[in-house]
Amino acid sequence: MATAARKAPAKSRSDGKSSGLSAPKPADFTKDEELAAYRHMLLIRRFEEKAGQLYGMGFIGGFCHLYIGQEAVVTGMKMALVDGDQMITAYRDHGHMLAMELSPRGVMAELTGRRGGLSRGKGGSMHMFSKEKHFYGGHGIVGAQVSLGTGLAFANRYRGNNNVSLTYFGDGAANQGQVYESFNMASLWKLPVIYIIENNRYAMGTSVSRSSAETDFSHRGASFKIPGIQVDGMDVRAVKSAGDLATEWCRAGNGPLILEMQTYRYRGHSMSDPAKYRSKEEVQKMRSEHDPIEQVKARLLDKKWATEDELKTVDKEVRDIVADAAEFAQNDAEPDPSELWTDIVL
Ligand SMILES: Cc1ncc(C[n+]2csc(CCOP(=O)(O)OP(=O)(O)O)c2C)c(N)n1
Ligand SMILES: [Mg+2]
């Protein structure tokens, strides 16, 4: 059964001393919060499992990157947001969209390229947006969303709306040049942006230790006076408390903050991945000892806040939502060829 973090809990890094930041303890969840976290993470997991199946059946083409294993990161961060806070991420984006309450039907139908998809079937897995839900994509160019997310924070500052931009990127993306140009401006102008580095230990088939001179990603803002914190990204409570700290920090006008989420992806990089760069044992160890959903389940049962049967009912309700989305995504019409030039900027 799942236990605690794979590493010691968070420590504040880089400028953390002078900023007075210290690592928060994992949040004490109420029964309702545990149940909500369980349901939300399960929805992401079941959705992704179904997307993987539909891909195998040929309903989804092109690229498709699954988020299985990393569910606690978006779920815990979403719990720390207020209305109007924005989220932007890379191509491994289905979980982020579900966390921001985009409809499972709309996401799944976009994966299958149907009219009812969030980009009307023309964007696919990596390109979905919802201004209404403050979700700004879905970006296939590694690192490109970091400057855009910094721009969202600039807009917040300009408008004086007190909202925060959650800008997600991977350990691989953290080596891209525009990340550091963004860090500089964000710090100089004290922009309300949380840089969330999802360190899942690999960029495609390259491990962090093979690609990064500094593998402690919470240090990456040191040259720009951006403090950083390492967070157990497999524990939704640790993510939530880091999210609370970071959103308060930004809303108080302190400028950007880095959260390194130590997480893990169970599946391949995308649907075609020879998986020769890591052992099955490594994956299995993470699944059996640190699974984010199993951790919540164990606490719910341990505290007698839910019975096995009640949790099975949650699973059934979630499976029904996903089955409905899959049904819709397989049967909805494809966009008409006459729409080829609509909804695009030339
Ligand atoms: C500018 C650019 N370079 C290379 C690629 C090819 N590419 C796609 S994903 C990826 C790995 C990124 O890994 P990471 O940032 O760790 O994110 P993860 O896939 O682990 O979520 C690479 C190199 C790309 N899409 N864009
Ligand atoms: Mg990675």
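Start with arginine 92: an N or O atom in its side chain lies 2.8 Å from an oxygen atom of ligand 1. That counts as a polar contact (a pair of N or O atoms within 3.5 Å). This is a predicted model, where local features need pLDDT of at least 70 and side-chain atom pairs pLDDT 80 or more, while totals for chains, interfaces and linings use all residues. Residues are numbered from 1 along each chain, ligands from 1 in the order written, and side-chain values use heavy atoms, without hydrogens or water.

| Residue | Atom on the protein side | Distance |
|---|---|---|
| Arginine 92 | side-chain N or O | 2.8 Å |
| Alanine 173 | polar backbone atom | 2.8 Å |
| Histidine 269 | side-chain N or O | 3.4 Å |

The protein covers 71% of the 590 Å² of accessible area that ligand 1 has on its own (Shrake-Rupley method, 1.4 Å probe). Around ligand 1 there are 15 residues, each with a heavy atom within 4 Å. Tyr91, Arg92, Gly172, Ala173 and Asn200 come nearest.

Asn200 also turns up at ligand 2, a magnesium ion: its protein donors are Asp171 (OD), Asn200 (OD1) and Tyr202 (O), 2.1 to 2.2 Å away. Donors here are N, O and S atoms within 2.8 Å of the metal (3.2 Å for Na, K and Ca); water isn't among the atoms, so sites may look incomplete. Along the chain, the donors follow the spacing D-x28-N-x1-Y.

Key: A polar contact is a pair of N or O atoms within 3.5 Å; within protein, one must be able to donate a hydrogen and the other to accept it, and residues adjacent in sequence count only if both atoms are side-chain atoms.
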